[in-house]
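Please read them with the structure open.

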Amino acid sequence: MAKAEKPFELTGRHVLFAVIAFFGIIIAVNFLFVKLAVQSFPGEQVEKSYYQGLNYNETLAEKARQAELGWRFQLVNGTAGAGAPLEIILLNREGRPVVDAVLEGELARPTSDEGLQQLGFTHLGEGRYRSDVEGLAPGAWDLTLKAREEVEGEIMLSATTRMLVR
C-alpha cells in the first residue's frame, strides 16, 4: 500500500525562516551599500576637519583681512581642456594688476582626490600668471589659489573657484 503524501502545510516555522531570510537579505544589502559609499567618498573634504572647526574664528579673521586687501583673480581660460595651460589675472583692490606675486594652487575634483594636481605659476607680466596643467578631464574642477607678495610672506588671497572643463 502506497503511503499517501502529506500536502504542504505552512507552519509557524516556515514563516519564521522566511522572515529571517527576508530581513537578512535586506540587512546584508544595506551593509554592502554603506561600505561602498564610505569607500567611494568618506564625507571629509579636508583632513582633521575637527581641528579646523576649533580654529574657525581665526579662519574668519583671516578671510576678513583678505577681504580688506581686496585682491582677486580672474580665470582667463578656465574651461580649456587637456593640455591647455591655466591662465589667471591677479588684481588688487583698485583693479590694477598685481605683479611679482608668488602663487600656488591646487586643482581637484569637487568630491574626491581623483586627478589632484599641485600647481606652480609663472608670471607673464601685467598681472597674468600661467601654470601648466596635465590632462584635465572634462567635468567640474575646483581651483584653490593662494597668493603672497613674497615667498614666505603672508597670504594676501586664498580663494577657490569652480571650473567646468569641456
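The numbered points below go from the whole chain to single residues.

1. This is a predicted model, in which local features need pLDDT of at least 70 and side-chain atom pairs count only at pLDDT 80 or more, whereas totals for chains, interfaces and linings use all residues. Residues are numbered from 1 along each chain as its sequence is written, and side-chain values use heavy atoms, with hydrogens and water left out.

2. The chain holds three helices and eight strands, where helices (H or I, at least four residues) and strands (E, at least two) are DSSP runs numbered from the N terminus. Along the sequence their order is α-α-α-β-β-β-β-β-β-β-β. The chain is more spread out than a compact globule, because its radius of gyration is 28 Å, well over the 15 Å that the globule rule gives for 166 residues; the radius is taken over C-alpha atoms, and the rule is 2.2 Å times the number of residues to the power 0.38.

3. Taken along the principal axes, the C-alpha atoms fill a box of roughly 105 × 40 × 25 Å. Of the 166 residues, 23% are buried, a term that stands for under 20% relative accessible area, with exposed meaning over 50% and partly exposed in between (1.4 Å probe, protein chains only). The accessible surface of the chain is about 12,100 Å², and carbon and sulfur atoms account for 57% of that surface; such areas come from the Shrake-Rupley method with a 1.4 Å probe, and for residues only the protein chains shown count as cover.

4. The largest nonpolar core has 22 residues, of which Trp-71, Leu-90, Leu-103, Leu-107 and Phe-121 touch the most other members. Such a core is a set of buried Ala, Val, Leu, Ile, Met, Phe, Trp, Tyr and Cys residues joined through side-chain atoms within 4.5 Å. Two or more residues of this core come from each of strand E2 (86–91), E3, strand E7 (139–148) and strand E8 (155–165). Leaving aside neighbours within four places in sequence, Leu-90 is in contact (heavy atoms within 4.5 Å) with residues including Trp-71, Phe-73, Leu-103, Tyr-129, Ala-147 and Leu-157.

5. E3 and E4 run antiparallel and are joined by four bridges, and two strands count as paired if DSSP finds at least two bridges between them. Leu-107 stands opposite Gln-117 in E4. Gln-117 and Leu-119 form the covered face of E4, while Gln-118 and Gly-120 form the uncovered one.

6. Where does Arg-109 lie, and is this residue buried or exposed? Arg-109 is in the loop between strand E3 (102–108) and strand E4 (117–120), and it counts as buried because its relative accessibility is 17%. Its side chain reaches the backbone oxygen of Pro-138 at 3.3 Å, and a polar atom of that side chain lies 3.1 Å from the backbone oxygen of Ala-140. Not counting residues up to four places away in sequence, Arg-109 also touches Glu-114, Ala-137, Gly-139 and Trp-141, among others.

7. Two residues deserve a look for their backbone angles. Most residues other than glycine have a negative phi. Asp-100, in the loop between E2 and E3, has a positive phi near 60° and is exposed, with a relative accessible area of 58%. Glu-126, in the loop between strand E5 (122–125) and strand E6 (128–131), has a positive phi of about 55° and counts as exposed at 64% relative accessibility.

Conventions: Polar contact = N/O pair within 3.5 Å; in protein donor to acceptor, adjacent residues only side chain to side chain.
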